[in-house]
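Please have the structure open.

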Amino acid sequence: MSMLTVTSAPHIRSKDSVSRIMLDVVLALIPAGLFSVYLYGTRAFLTIILGVASAVLTEALIQKLTKKPVTITDFSAVVTGLLLAYNLPPSAPWWLPVIGSFVAIALVKHVFGGLGNNFMNPALAARAILLAAWPVQMTSWVIPNADAVSSATPLAILKGAEGTLPSLRDTFIGNIGGTIGEVSAAALLLGAAYLLYRKVITWHIPVTYIATTFVLVTLLGGKGLETGIYHIFTGGLILGAFYMATDYSSSPITAKGKLIMGVGCGILTAVIRLYGGYPEGVSYSILLMNVAAPLIDKYTVPRVFGEVKQHA
Amino acid sequence: MTKGLFTFSGGVHPPHSKHFTEDQKIELCRVPDVVVIPLQQHIGAPCEPLVKSGDTVKLGQKIGQPKGFVGAPVHSSVSGVVKSIEMCNSSVGGKVLSVVIQNDGTDTGVEPDIPGNIDQLDPAQLKSIVLEAGIVGMGGAAFPTHVKLSPPADKKIDTVILNGAECEPYLTSDYRLMIETPEQIIGGLKIIMKILGVSNGIIGIEDNKPKALQSVRRAAAEEKNIKVVSLRTKYPQGAEKQLIYAITKRMVPSGGLPMDVGVVVNNVGTAAAIHKAVTLGEPLYQRIVTVSGGAVKEPKNLLVRIGTTFKDVIDFCGGLVEEPAKVISGGPMMGIAQHTLDVPVVKGTSGILVLTKKEAELPEPSACIRCGKCVEVCPINLMPLHLSNASLKGNMEEAEALHAMDCIECGSCSFICPAKRPLVHSIKVAKKEITARRKRSASS
């Protein structure tokens, strides 16, 4: 008889895998990408391709250099590259996604230990760096079907910038100015529904995040319910809430922690949008809460089954 | 799937894989020419042999006497001659002192000491029958049953639960027992209730076993004090603390025992064994074993004499259809992988799984992505990812602070992990280390 394998129990495993999870995120992001390419043309397409390619190549290069197993087939670098590209304006020059993805993968992900160890969302942190370094290129918006005219985003208009506010319907479908990925709330929600169905993400962060932002902006903004709804569908809130704030490595582990994360992101976003210098604020809210995540984790350790409360 | 009322939080849904054997009636396994009966079959002190090489023994004769309270005697499963008493491979790991008996094929039994009218026996007499018959938990851990039936005076027991969940994939021995001889289970439960002076008996069965539920319900129809409840199918529903919580909503305190919340839990197989011991005077020398997996020719549920080797059992099932890659004693979630088929069936052997290469294949582990699925499924609300990290780093203080000792080792975390990390394995390592440290510091 041949050798029998002896391992510790359990002897069976679920079909889930890291690459399947990451692939699900990629699949969920495709509708928004397609919509953007339809809206902005080959330029958006090129930005997305460059973002993904740069992320994957950077990861492979770093892992080769540090003599670690190359894990680009787990799709996690693809997700980061996609999200980075989705956070760029469609008019971005070709080198912006290349540098952005390099920064995301090299500085934010691998310097801190690679997959699962980054304390901030790589795509968002890279975006913040790009925004600080090249503010002009990062904030040149085009109005769809209007031949690359620079314009203010709906949120900037709500905040007092010149321009005409698009209809709520256009904002929902995505016929507005904005970054490549954030533009169509409808396409993003379609993907989000898929992620929830596949149990890749849970409702805790996105729902509390969006609800908190909506309630605070409506109550404190004093411009009524409709303005509140505008705030939901613009400025990358849907993209941030469903796809970025839910990043496993940089968000709390437990359901309770996730609720705190969502509410925290919502409060920060509302405060930045209403009182801050930036019109949107999703990126910085998530990044700030990323930093708070370990603390949240520390205070939301679940009570162990049968644990008796200690009486001092 | 119908949603049962009774459940717990956490848990996973591994594929049931029970189709191999669920419709196979319990058959008698061929009694081998030689049996190997280990003198240690569970935690606690090993038994002292009562026989020596060359002695003639009868079927059911006591051949090993426990040295401490936490122990159960062992009996000969054949009649014949003791060939030797030596160290032999054990299915629970390592080698243990075992009595090797040459079967004379006559099954000459000891005169059964049938106690007459059961109703006239008092609880103490019943309990001593359970002890003398060597009854242990038949679910797998094989903990001596008489210990469970002897709660200290300050622990008031009001409920006896029988575990018919059989939540481990592949295994169908409890299932067939519940379908074929439910009256033994009910009879055993009544004896346990009498020993403990309890008038509330509950049998919990997962709702993916409607035939078993129906069969046991029918057998219990006349019993006013016995209730049969349908549990929501989810692993590990058969874990003691989860079962108690699902049925009574009582939470066994961390580090505590079921008796701390007034409950005693036994397996349905244990109840049947108690019933046989009391009514037939039959000590525990045989048990039902599910033989399953893709590499075995005819998967079966067999009544096997203790001491029959896995090889003999598999041969009785028509042998192998292909080279097995892995052989497990028990179920695939908590069972123990074997390095040889030359190990005997013991009182706790609920199943023998013979897995093909494809069934046994385990994916390579990769980096933790902090998805939190292990936290979601842990029935004890532990944080397996942090515990595992602490253990892998050798930081046992941290592992202890993260409640490593509360882990019930159900394996749900390792099962669900998309990165295929050895979560429960590293927690088991931490538990062993912490226990060793506690012992060291207690003795120094």
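This is a predicted model: local features need pLDDT of at least 70, side-chain atom pairs count only at pLDDT 80 or more; totals for chains, interfaces and linings use all residues.

Residues are numbered from 1 along each chain as written, with chains lettered from A and ligands numbered from 1 in written order.

**Helix pair α1(B) and α4(B)**
- The axes of α1 (residues 123-132) and α4 (residues 182-196) of chain B come within 8 Å and cross at roughly 125°.
- The crossing is left-handed.
- P123(B), L126(B) and K127(B) of α1(B) make the contact with I191(B), K194(B) and I195(B) of α4(B); contact needs C-beta atoms, placed from the backbone, within 7 Å.

**Helix pair α3(B) and α7(B)**
- α3 (residues 173-180) and α7 (residues 268-280) of chain B pack at about 50°, their axes 9 Å apart.
- α3(B) is thus oblique to α7(B).
- This crossing, too, is left-handed.
- S173(B), D174(B), L177(B) and M178(B) of α3(B) meet V268(B), G269(B) and A272(B) of α7(B).

**Contact between chains A and B**
- Chain B gives 48 residues and chain A 31.
- On the chain B side, β15 (326-329), β16 (336-338), α13 (412-416) and α14 (423-443) each supply at least two residues; helices are DSSP runs (H or I) of at least four residues, strands (E) of at least two.

Terms used
Two residues are in contact if their C-beta atoms, placed from the backbone, lie within 7 Å. Axes are lines fitted to C-alpha atoms, for helices over the stretch in contact, and angles run from 0 to 180 degrees between N-to-C directions. A crossing is left-handed if the near helix is turned anticlockwise from the far one by less than a right angle, and right-handed if clockwise. Angles under 35 degrees count as roughly parallel, over 145 as roughly antiparallel, 65 to 115 as roughly perpendicular and the rest as oblique.
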